[in-house]
Each structure stands twice: as C-alpha cells, then as structure tokens.
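Work through the exercises below with the sequence and coordinates at hand. Each task is followed by a stepwise solution.

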Amino acid sequence: MKPHTRRTALKVLGGTLGAAAFAHAMAPLRQWQEGQSVDDFLQRHYKELDREQMNAVLRRLEAQTEREYGKSVSIRDIRPMQGVEFGYALNLSVCIGCRKCAEACHVENNHDRRTNNSYIRVLEMEQGSMDLEKGNANYDHAVPAKGKYYLPVQCHQCDNAPCVKVCPVQATWKEPDGIVAVDYNWCIGCRYCEAACPYHARRFNWTKPEVPADEINPDQAYLSNRMRPQGVIEKCTFCLHRTREGRMPACLEACPAGARVFGNLLDPDSEIRWVLENKRVFVLKEELGTRPRFFYFFDE
Amino acid sequence: MPRCFLYCQSEVMRMMFFVSFARRALFFSPFVPLLAACVMVSCNRAETERAKAFAPPPGEPKYSVTVRRPAKLHSVPVAKSGEMEEELQVACETCHSITEEGRLPQRAAELEEFHVGLQVSHGDLSCRSCHDQEDARSLRLADGRNVPMRDAMDLCGQCHGPQFRDYRRGSHGGMIGYWDLSQGPRVRNNCVSCHDPHTPAFVGMQPVFPPKDRDVIGNDSQEARPRTSSVSASDAKATARLP
C-alpha cells in the first residue's frame, strides 16, 4: 500500500469541504418538504388548467388555508365578464389623504398585519408640483394639510405593462377585461416585475403573511385575495373577486370623500366614461408609454 | 423568386425566369377561387368578431339606485349638564309649537339664546337664504317653492350647479354597492351625508396607519414605527424618499 502523501491528504480535505458545502447548499430543501406538497410542485400554469384540475387546486388551497390559518374559506376561479373593460378614476380635488382606501384594501385582500401592507400608497405632494420623487407616503398628521394634495397610487393595470413584459416565466399577464393578473403558484419570486413597475405598485412577500383567523376575508378568488405564500409577488387586482361580479372595489366603497369612480369603459353611459370625456384627466408618467387604466382628474 | 434571378445580367434570361415561374404558378390556378373564398370568409368573421368586442355592456339595469335621505331632526342639543356632561336635547316642537313664526334673524348669533352653539360658516349666506321665513319646518327654493328639510338636496343643487351635475353623473359623493346595475343595487350619499349645511366645509381627520416601510425608524422589526413628518419643508426633504 502506498504511503499517504500530502496530495492524498489535500484531496481528502477538499472532498470533505466540498461535501459540506453541498450539504449546506441543499439545506433549504429540508424546509421545502414541510411547506409544499407534490401537487403544489407539479401544478401547471393557470392558463393551462382545465376545469377539473382548477377545482382540485382550489380545494387543495382551501384545505391548506384551513390548516395554516385556522379559517375555512371559499376560493373561486372567477372568469372575466364579456364586453367589459375596467377603468378607474380618482378625483384629486376631493381626496383628503385619510388612507381609508388603503385600510379597506388591507382588510379585503388579507394583507400581512405585521407590515400594514396594502396595495395602495397615498403620496402627500406639494400643491403645484407633480414631482413624484418628492411625494411622501409616511405622513402621520391630520389631513388635509395646508399646501398639500394627496395622490393615492395603486396598480394601474397598464395596457402596455412593463411588469408583463419582463416576467421570465409569464406568471403575470393581462386579462381580457383589462386586469393584470398574477398566478401566485407560478411566480418564482425574482422581483423583476417589482423593479420594472414605474409606479411601485407591486408588493413582494418577504415573509409568510400573518393574519388572525377572525380577520380573514373568507370570500376569496384564485387570482386575487387568497392567502399568498411566502416569496411571491402580489398587487392590486381591482378587487376582481368583487368587480367581476358587478360590485365596486373595496377602496371605492371606503372612501369617505367619494373621490373614486369605477366602471366599464365600453359602456357609453357609465360614470367613468363621463369623467374621461368631461373632466381634466391625466395619467402618471405618461411619457413611459405604459397606457394605464387608472386616471386622475381635477374638478376645476 | 430564385436568387439566381438577381444575378441574371441579360433581359432575355430574366424573361425566361418569369415564364418558367409563371408556368409553375399555373399549377395553383384551380385553387385560386377557393383561396379567395377562404379570405372573404375570414374577413367577414373578423368583422363580426370586432363588432362583438364593442357590444354593449352586460344587460339592462334591473336594480335601482337609492339615495340616502337625511335623517329627520326631532331635537337639538342646547347645553351640557349632569356629571357625565351629557348633551341636553330639546325637541323642536317644544318651542316651535307655541311661538308664533316670527321673522328669521339676520345673523345666526341672534339665535344663540335658543339654538345654543350654532355655528354658521357658509359663505355670505344669511338664514333666509335657505330657511323659510314663516315656516320653520321647511326650506325655500330659489323659485319660491317650499320643500321639506329632508329634500335639502334640491336646494343645494340650485346654487352648487357644477357639484350637482358631477353628483348626478356619479363623479361626486360616495356610494356602495354595484357598478353593474344589472347585477345588484347601489346606495348613494346625499349632500347632507358629508356636508353639514351650516358649516359645509368637508371636515379633516386623522389618517389611518401609514405603511411600515423598510426605511422607516426601526426598519422592519416588530417595533417599526412610521417616520412622523411635520409639514415644514426641511423635514419634507429629509423624509421624502420613494421606498
């Protein structure tokens, strides 16, 4: 037998270190075993699921929610209405910056309580300026303050959405009724869309959302307000679990000043069409060519 | 066209290519009418599909829009009394059933003896602009007609035309319910739901929680609290960052 040389010693050392590094790299897989089932791992994209498979997915997700959050919910797959294209307008002459819209979104969409997450951010802006860089979303004084106006920002469901273009796995796409949807089970959490959005409308779940069972909204939909897993992107969906059945979004109902207008852009008699045709309407960052579906207007 | 056609120097050679190409194309001649028919059918279908996309929105409105009426006032607070500083309410009829309907005063301050704490801040209006001189229970429209107090919206709309037009078109005033009236009803506020007729300026309030962003004091720990911003410009510069 050959005597052990320095070379063999180094080989053994290198091999040991390599094996240790490999085991350390594989360590996250141990956590994966707890969180995911095989069905979860093998689930296909939303657009590829037929009715039966979709129902199986919904039942599995309902059971998962019951296990993890202790609340029995009903998750539906609500398809777009025919002949409807949603539009949303906000009256900046009337908005007082109370953030009740953000609170309603927080409750309706089962957001993480620890971070006060919401799809809506209200920016306090200097009157006379449209400089979004100087907008302050963290104000905490009585509103409306003198010399300021308030600009709530949420996902604009852009017709030419940058987030849709950059997603490497097509986990986000534009639906026929105008809403840009996210399949949370297909999203890989790379956050390209969050970087691409010019309005900072997309939110990432750094941690698993924590919501007490008695505060969970049980009326849920697959593409909107069901409990999201950790590590996926989410955003405003115009409350599609409400609006695709004809109801108003939660933020509109909560606004005490009546600053929000929602409706079907294809209906010539709708309120949103009247606003777009008769008021001084503009969109944010128009020069980027995103063609948003969310409009702002002034009364004067 | 084959590539060698491009390299043909002489006209005759190019002519020969044309002829041979035409001979090959002749093979397809029986199929030309069929091709034309297919193109026409697909054009028609595209047109009807386009027409369907712009079809009218879902259904005729089957459900109604209800406008909340202002509550009927039965009494007014006149003073605070008792250990708990409760407001003493006096029924309107206590006085208005026995006093003769006199003339309305010029300024609300003259009513302080009876309508304690009545603040009026409605532009340059006097009491008589809205209230009827003789009948304390009704309002007077600009054309001389009287309306009950609960139909105040007609009176508001007579002076505030632009706001009333916006209201009728759905762009002013809160609502709950359905945007699609073929699927459910809608309930709307009236003017007095938000605007007190004597001090109609919309009241400010304390806002709801701000978001706990990562660049606020305490970062994303449990003790995170929002960066409080005063209205001064220097503070605004320090806190103004899009997270």
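**Exercise 1: aromatic pairs**

Over all chains, the structure holds 16 aromatic pairs. The model is a predicted one.

Task: Classify the geometry of the pair Y88(A) and F238(A), and state which parts of chain A the pair ties together.

Solution.
1. The ring centres of Y88(A) and F238(A) are 5.3 Å apart, and a pair requires centres within 6.5 Å.
2. The planes stand at 65°; the cut-off for edge-to-face is over 60 degrees. The pair is therefore edge-to-face.
3. Y88(A) belongs to strand β2 (residues 86–91), while F238(A) is in the loop between β9 (233–234) and α8 (240–243), so the pair ties together parts 150 residues apart in sequence.

**Exercise 2: burial and cluster**

Task: Are Y88(A) and F238(A) buried or exposed, and which aromatic cluster holds them?

Solution.
1. Buried means under 20% relative accessible area.
2. Y88(A) has 0% relative accessibility and so counts as buried; F238(A), at 2%, counts as buried too.
3. Y88(A) and F238(A) are in one aromatic cluster whose members include F86(A), Y149(A), F262(A) and, from chain B, W179(B).

**Exercise 3: the interface**

Task: Describe the contact between chain B and chain A by residues, area and polar pairs.

Solution.
1. Chain B contributes 47 residues and chain A contributes 58 residues.
2. The buried area is about 4600 Å², with 57% from carbon and sulfur atoms.
3. The interface has 2 salt bridges; one of them joins E271(A) to R186(B), with the closest N and O atoms 3.0 Å apart.
4. Polar contacts between the chains amount to 11 residue pairs.
5. On the side of chain B that touches chain A, β6(B) gives the most, with 3 residues.

Technical notes: Residues numbered from 1 in each chain as written. Chains lettered and ligands numbered in written order. Predicted model: local features only at pLDDT ≥ 70, side-chain atom pairs only at ≥ 80, totals over all residues. Heavy atoms only, no water. Phe/Tyr/Trp six-rings, centres within 6.5 Å; stacked < 30°, edge-to-face > 60°. Helix = DSSP H or I, 4+ residues; strand = E, 2+ residues; numbered from the N terminus. Buried < 20%, exposed > 50% of the residue type's maximum accessible area, 1.4 Å probe, protein only. Contact = heavy atoms within 4.5 Å. Buried area = accessible area lost by both parts, 1.4 Å probe. Salt bridge = Lys/Arg side-chain N within 4 Å of Asp/Glu carboxyl O. Polar contact = N/O pair within 3.5 Å; in protein donor to acceptor, adjacent residues only side chain to side chain.
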